[in-house]
Amino acid sequence: MPRPTRWAARLLPLVLLVLWLAVGGGLGPYAGKLGEVATNDQAAFLPQSAESTRVIEAQRAFRQDETLPALVVWTSPGDGPIDPETRAAATRALATLTGQPGVVGTPTPALPSEDGKALRGVVQLRPDLGDELTPTLEEIDRAASTVPGTTVWLAGPAATQADLSDAFAGIDGLLLAVALVTVLLILLLVYRSVLLPLIIIVGAVLALALACAVVYVLADHDVVRVDGQVQGILSILVIGAATDYALLLAARYREELARLDGERVPAMRAALRRSAGPITASAATVALALLALLFSDLTNNRALGPVGAIGIVCAVLSTLTFLPAVLVLLGRAAYWPSRPRPSESGGDGHKIWRRVASLVDRAPRKVWAVTLAGLLACAAFAPVLESKGVPLDEIFVNDAPSVAAQEQLGRHFPGGAGNPAIVIADADAATRVTAAAERVEGVDSAAAVTASGRPGAGAPLVVDGRVRIDVTLTDAADSDAAKAAVARLRTSVHAVPGADALVGGYTAQRYDTQRTAERDRMLIVPVVLAVILAILVLLLRSVLMPLLLVATVALNFLATLGVSALVFRYVFGFSGTDSSVPLYGFVFLVALGVDYNIFLMSRVREESLRHGVREGVLRGLTATGGVITSAGVVLAATFAALGVIPLAFLVQIAFIVAFGVLLDTLVVRSLLVPALVRDLGPVAWWPGALSRKATGPEGVGTARDDAGATGTPSRP
């Protein structure tokens, strides 16, 4: 195939640049619009096959569609008793809310606490209020505040969801700004170049614009779901991945520019030929690992899979089209004020990495033994990490009104008041099921729902031979004790003959979500490891080397969990993590960790084919050490930006990924992997061509690559 003419080679970059600028101008606004198709309705992200989800379907038969309870609590300023006149005024205030937009049915009367120091009422809201939820709660607060001599608190799932929406407010601007400024500062400090960091940032922003536009269209047509967490992770993932891939290509182009004395097009052609494979393989690893989340039974996990994969594809597309176009047009000017020189090409690298390579070469067994022992010591604490969900007072990093209100509710009422467990059972067994529920440890009361729509005295409401029984728990609905009570409640009512009972409600949903997350980890973790292993085998043309790399990134993940368990408990004060945190951490950390090993080992393989296995390890480590470490620092800082959102879930994800990436970059990829490969020698590449290399006492030899080219012997 003839090479393109010089004018065509220069025209193509201009065309690509114009196309990408059009993408940025036309699709950029979708990054801000993504929130319009996002939902933070937690009820929409439940296990699809769980018992609590089946209860939601059963509730609809009672013409009682799922609602979002808002709990109104009145207390006296001096914590004194509340008189009957105040109780009557509170009941009248609740009654004024009947028929208000967003309110379902008639609010309950104001009921006193056993200590007589508080009142409680329940207002059922539509679960799909979206942006109207906060105004609806403000209207409830306004009505409740008309009761003289009291302080009003809004608690329950509705108040919690409103605080979640507030936490995600402004996510488009704040998170993106923090991430971009962080990346820009790091690149300026590391590369001391004016244009290159700006070029990389622009490429990442264009990739994000394209990804947001695609996701917006798909979400608008109900093909994918987006919530605040997915939205935030998409931004961070695209910025981080696009920057990583761009750094690898820009570093290789710099080498080729120096080697070819500034010839732009040939240098970019060589850089793409040597970098496109590792970049594509790395992206495929992350994208396929994310798509493995489609095996999850949790809707929000499945939502992240395709959305994240779309972001990765857009990051690769920008790196392999926009970035080459700009670099070819600018040439050496892209690295101004520094200038690529021949000494910067090849395997010379920075003096720090020459020293690291020298250490690995002198004492490989000691290096890998010490680093392995350190990682195993950290991994020993991994079982300490509790992943059974977090109580309401730990969901938010800062003070949230719903948390303070829940504390007031718990002081005066049973913890599950206003947010009961819901039992659906056959009408003929209603009395026996109610009695069985009341005998369960952790249950305060149980009563069948009557025709009025509320539990109490009177004949139960029977629909298609089934009744609904509301069970009030003694502990807070989001506590571990309440979840344990739900498990006991299910055992008890399931044992009632002929009842065909199902237990659902808020606490049951949290319990089912936790169990489903545990099941997801058992299924998805092996799938992700298998995908990564297959990609590494194809890329490195070896079996033993991919197994070694997968084992090291898995160990890095366990070590990170061990450190996180200690930091979360003794530094951040978290009692545990959300049940999905370990799975998210695994997918991101293992997939992204393999990226750096792909960058390293693909270069090691390339150098080994030319110079021998021993020198290939040293040259590969020296040549890639700086760029991979820079990429790791940038990615860690980018994920750390998630910490600006005041939610424990995202703070925990941010720490796990940021710390794990740094541990992988600075220890696993820099010391453990090179030392193991150096110590094993050619056998590490079994059964590929490099494993059959004739090796002398200093590791010198040649190997024929898959294309039949023979490397040149070289002595370190």
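pLDDT is the predictor's confidence in each residue, from 0 to 100. This is a predicted model, in which local features need pLDDT of at least 70, side-chain atom pairs count only at pLDDT 80 or more, and totals for chains, interfaces and linings use all residues. Residues are numbered from 1 along each chain as its sequence is written, and side-chain values use heavy atoms, with hydrogens and water left out.

**View 1. Here is how confidence runs along the chain.** The protein chain has an average pLDDT of 82, and 88% of the residues score at least 70. Helices here are DSSP runs of H or I with at least four residues, numbered from the N terminus. Among the elements of the chain, helix H13 (residues 364-379) has the highest mean pLDDT, 94, while helix H2 (residues 30-33) has the lowest, 65. Over residues 694-716, pLDDT stays under 50, and the model has 49 contacts beyond four places in sequence for them; a contact means heavy atoms within 4.5 Å. Residues 342-349 also stay under 50, with 17 such contacts.

View 2. Side chains of opposite charge can pair when their charged atoms come close. A salt bridge is counted when a side-chain nitrogen of Lys or Arg is within 4 Å of a carboxyl oxygen of Asp or Glu, and the structure holds 22 of them. In the one between Glu-51 and Arg-490, the closest N and O atoms are 3.5 Å apart. Glu-51 sits in helix H3 and Arg-490 in helix H17 (residues 480-494), so this pair links distant parts of the chain, 439 residues apart.

**View 3. Thr-53 sits in helix H3.** Helix H3 covers residues 51-60, and Thr-53 is one of them. Thr-53 counts as buried because its relative accessible area is 16%. Setting aside neighbours within four places in sequence, Thr-53 is in contact with Leu-46, Pro-47 and Gln-48.

**View 4. Glu-607 has two arginine partners.** Glu-607 meets Arg-603 in a salt bridge at 3.0 Å, N to O, and meets Arg-610 in another at 3.9 Å. Glu-607 and Arg-603 both lie in helix H20 (residues 581-611), four residues apart, about one turn of the helix. Arg-610 is three residues from Glu-607 in helix H20, so about one helical turn separates them. Glu-607 is buried at 3% relative accessible area, and Arg-603 is buried too, whereas Arg-610 is partly exposed at 32%.

**View 5. Phe-588 belongs to the largest nonpolar core.** A nonpolar core is a set of buried Ala, Val, Leu, Ile, Met, Phe, Trp, Tyr and Cys residues joined through side-chain atoms within 4.5 Å. The largest one has 153 residues, and those with the most contacts inside it are Tyr-245, Phe-588, Met-601 and Trp-685. H20 gives the largest share of this core, 18 residues. Not counting residues up to four places away in sequence, Phe-588 touches Ile-233, Leu-237, Leu-290, Leu-304, Gly-593, Phe-639 and Val-657.

Notes
Helix = DSSP H or I, 4+ residues; strand = E, 2+ residues; numbered from the N terminus. Buried < 20%, exposed > 50% of the residue type's maximum accessible area, 1.4 Å probe, protein only.
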